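Open the model in your viewer and keep the selection panel at hand. The stops below are meant to be taken in order.

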Amino acid sequence: MPGDAAQIRLGQNADEDSLRAFRAELGLDKPLYYQYLNWLFNFVQGDFGMSLSSDYPTIQLIRDRYENTLVVSLLTAAIGIPISVSLGIIAAMFPGTIYDRILTLGSVTLVAAPEFFTATLLVLFFVFFLDIGSAVVVGGIEGKNIFQLLAHFWLPVMTLCFVIASQLIRMTRAAVLNVMSSPYIEMAILKGIPRSRIVIRHALLNSIGPIVNIIALNLAYLVTGVIVVEVYFGYSGLATLIVQGVQTRDFILIQALGMIFCCTYVILMIIADVAAIVSNPRLRHPK
Amino acid sequence: MSKEDKEFTEHYVAEFSKKVSFDELPDAPPSGKFRLSLTGKIGAVVVAFWVFIAIFGQFLAPYHENDIPFPDDYLEFQPPKPGAILGTDRDDRDVLSRLMYGAGRTIGISVAATILAYIVGVTLGIGSAVLGGRFDTVISSINNIFLSLPTIMLGLVIVAAVGSTIPILIVTAGLIYATVVFRLARAIGMDVKVMDFVEVSRGRGENLWWIISKEIWPNVRMPLISDFGLRLIYVILFVSSLSFLGLGVQPPMADWGSMVKENLGALQYGESVISVVAPAFSIATLTVAINLIVDDVSAHAGGKLTKRL
Amino acid sequence: MDRKVIFEAVDLKINAIADNGTDIPIVKGVNFKVREGEVVALIGESGSGKTTIALSSLGYFKPGLQCVGGEARLLGRDLTKMSNEDLRKIRGERVAYLAQSAAATFNPSLRINEQVTESAVIHGSKTKEEALSYAKALYKRLDLPDPENIGERYPHQVSGGQLQRLMAAMALVSDPTLLVLDEPTTALDVTTQIEVLKAFKKVIKEQKAAAIYVTHDLAVVAQIADRIIVLYNGSIQEKGPANSVIDTPKHPYTDRLMKAVRPLPKDTAELRDRTTKKILKNSLSVKDVLAGYGGITNGVPKITVLEDINVEIGKGEVVGVIGESGSGKSTLARVISGLLPSAEGHVSLFDSTLPPNLRKRSRDQLRRIQFVYQMADTALNPRHTIERIVGRPLEFYHGMKGEKRKRRLIELLEMVELPKEFISRYPEELSGGQKQRISLARALAAEPEIILCDEVTSALDSIVGSNVIKLLRKLQKNLDVSYVFISHDLSTIASFADRIVVMYNGKIMEQGPVHEVLSPPSHPYTELLISSIPELRVGWLEEADTKIQKAKEKMQ
């Protein structure tokens, strides 16, 4: 990927003069820090700047593409999180059983596998073996209700669900087990409290904080997964826009998108931290 | 007196010999030697296999990575046949040869990047923990800023700014993951630093280098080494994801991540899908195998390690 | 006097199950009975299996432990063969457990009332309202402040001593037939311990419950138990009525346990002789020290821990520093050693003033003051051999190398009564007492003038601890070294020190030769400490409690 945005747009054979003129037009002749500060100044005022690789405002490119990304992320969160967290809690309730072992081994395997491996497995199984659906997602999503959206994105959503589930199940299980090994749980057993009540009233209450923390961390992790899955299933979203931006050296576009992704990520991280603090009874009920 | 009553007032003494001294009972016996479980052993075999391929693959491969075994037919995605055991890819190149060439690149880049991440992260992390004060505040704040960004976004921005060659990939991945290693090394260093034996050597008047190298380092070494495997997995996933997005190892060089990307078309109209499945499967077997070993190690370490991550 | 048998252990055997199949016996065939209205004490040191035996009366075995033989019968039913559901119905209802640390056994996220009443409500013996009003009555009987509302709080909102009593309420709420108390006062400060112990004794008597009382402290046992069972390494060494065992111990191990309990020394000529020996010169003096944590602004630390500290330590003298947790006694040791630079005042060694910060002290100044820590576990680097741990100061301060160093090392090991084979071992291969001896050898290697001993025996079992004290005394005689001996245990200090410094809340309350400090009139706080020392005789608890109340009034 040689050259800058001007070079890429005008092609390899453009002469020096027109390149220089075009760079001046795009503002690429200024020093880098000036370009960045200028962009940042406008950004905080709500101006995302003009794309370097096309003549559209960045904001318009983003507006055209954000829907797919958002829908896939939300669907994944809505389906993946409740299922994984429950599975993790159940595994922690019956540690050492067959169910627990299968779940643990399964998530150990999946957690280390890349997103495109999971996607490939799913495509092989459903598309090639069962002959359902297709390996690419085609068509728009205008006017679709939630079920139609799910039918539209089922393969990418399922891939992402597997990806976050492997992390979530493992971490939820560990969080609950950690609480289950504390002395006050032993005390509850010695008080003759039934197992179901021990888990629900004594253990879960104390693991809510860690679990919310884990959920937020995993949603943040989704940011990476969403990008890969979009490329894999070949539908257009913010991720494909980023890749395109990198390939065309469109810094304005990358900066704007980077800002959006990072802000989302940072907000999720903050939620994770706040959850950890709020769940501490010492802070909720001061002396 | 009834029997019950007698039992109640009885003063019983166990037999004893005057010679036996009632010494302090020994502490719990030291935990057993570390042994790999069955899954761990399977993991070790798979990792050994891939390391062998990574080192010798390019010498053993039937073709050069960019050779076209059957130049006469202009076909793509050919199914397995004599001369191309795993078939051919989008550009009619031998999948097996590219896989073997790619192994060296994917594993080599990842291992180099992880080592770099460790050198930078451990040095700064232990330094921060031990020195504390302003040095720690500055380094930790910078580190937190980078930690608060998604790794893949960081990678994309760096690649967009400086391009994508193998040395750049190694440095990029190395520095990005150095932030995580830094946090871990600093946390472990902090734990050890407050131990009384470190205070003892400070009180004795030992210099900083002695304290770090002789008191702290032997105690942080093991947890850091056992984390190496886990970190390597994340680096492999990161490097292959970048390549998969077309921003890592550049064509025509083979690499597992970019092989998946190049041959995605096979899933729609290819005669054989091996060109996609094989590289994806290779990455998965490698990372899962490493993870199986890591799991054994962290179970042995009492799961303390996983708590910190 | 045929009383109903509540609990009976019949040839009970419990093993620790190891992964590699080599099981380690923890309890080796134990027989005893607990009858109605009777308090049976299980006494022993760590590793004796006392807690494991006590928990078997709830049919509970900690993870990794397994009952491999015999029976544990509660009201005639063998708990070791009962289903989990049947056990659940008994636990909390017929037999209740009180743990060592209430802070850990209360769920931090639930209100105290819910946790106290939970067991009775779930077993259906009381409705929620009944249980609640009963709980409040129990709070009152346990002398808890504000019994109406204290249960509305969360565990972290009440003090440690209160929480310990609230745990007793939690156990008593369903009127159990058998109470199991596992070292319920060990984690408390001495003055709090008396109050809690008294409250426990009162409710046990009132409740007419049978109780198993697990402890390592013979003096506590004397106050509360009807019968005593002495355990060592998983088997019973001696058992019998409390006064019989205490007055006429028949087993040498019981005898040693008794000797490890040190009563306050009597004010005798011998004691006076020891404590008023002529001090030729002062080796260390602490003048007007003010110290604390959190950085120093305008010469005053953010949190002041020590104020107006003046202490003189003569050559070859043993100065005991006594105080409860938070009194600043350990901080004093840290100021002397330079680990915590003082904000004001100074420390001088043989008339030369030491820089407050140890970094500014010369190697020789550092050598002359050595520190021995409470927890030998963390004070010895687990990755170093004994040779390296003890050898380093030899090399560092005296430049010894090779054969010479090795000879001196073996000498030092002999001094602390350890075999020379230990040279190549790692700390984890030693027992607690042996580790503490290594710590001491390391301090001695520097050939110091002063050794700061910070609670060096508190983490050890009583017999082991008293052996370490014996060793310290012997070394002091032979080497003429001075000790600053910090402890929360007045009787240990009194049996060993020449002078006592009494600290409370960061200030020195009183100091002087042992016999002077201990004989009346003393400072009210000293009186409080003196009255809190458990004595090995029945009836002491009640006397002590009145004395403590008086002393407390005087302090205010």
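The tour goes from the contacts between chains to single residues and pairs.

Residues are numbered from 1 along each chain as its sequence is written, and chains are lettered from A and ligands numbered from 1 in the order in which they are written. The model is predicted, so local features need pLDDT of at least 70 and side-chain atom pairs count only at pLDDT 80 or more, while totals for chains, interfaces and linings use all residues, and side-chain values use heavy atoms, with hydrogens and water left out.

**Stop 1: chains A and C**

Select chain A and chain C. Their contact (heavy atoms within 4.5 Å) takes 20 residues from chain A and 25 residues from chain C. Together the two chains bury about 2,300 Å², 60% of it on carbon and sulfur atoms. Buried area here is the accessible area (1.4 Å probe) that two parts lose on being put together, summed over both. In chain A, the residues that lose the most area to chain C are A:Met187, A:Leu190 and A:Lys191, which together account for 29% of what that side buries.

Now pick A:Arg197 and C:Glu114. Their side chains meet in a salt bridge, 3.1 Å from N to O. The rule for a salt bridge asks for a side-chain nitrogen of Lys or Arg within 4 Å of a carboxyl oxygen of Asp or Glu. It finds five across the interface of chain A and chain C.

On the side of chain A that touches chain C, helix H8 (183–190), helix H9 (195–233) and helix H12 (281–284) each supply at least two residues. H8(A) gives the most, with six residues.

**Stop 2: chains C and B**

Next select chain C and chain B. Here 55 residues of chain C are in contact with 37 residues of chain B. The two chains bury about 4,100 Å² between them, with 54% of it on carbon and sulfur atoms.

Which residue of chain C forms a salt bridge with B:Glu199? The partner is C:Arg334, with the closest N and O atoms 2.9 Å apart. Across the interface of chain C and chain B, the rule finds two salt bridges.

Several elements of chain C each supply at least two residues of the side that touches chain B, among them strand S2 (24–35), strand S10 (235–241) and helix H17 (432–445). The largest share, six residues, comes from S10(C).

**Stop 3: within chain B**

Select B:Glu262 and B:Arg98, whose side chains meet in a salt bridge (3.4 Å, N to O). B:Glu262 lies in helix H9 of chain B and B:Arg98 in helix H3 (residues 95–131) of chain B, so the pair ties together parts that are 164 residues apart in sequence. Over all chains, a search of the whole structure finds 52 salt bridges.

Move to B:Pro252, in the loop between helix H8 (208–244) and helix H9 (256–262) of chain B. A cis peptide bond joins B:Pro251 and B:Pro252, with omega about 10°.

Then find B:Leu60, in helix H2 (residues 38–60) of chain B.

**Stop 4: a loop in chain C**

Finish at C:Leu75, in the loop between strand S4 (65–74) and strand S5 (77–78) of chain C. Phi of C:Leu75 is near 50°, which is a positive value in a residue other than glycine.

How values were computed: Helix = DSSP H or I, 4+ residues; strand = E, 2+ residues; numbered from the N terminus.
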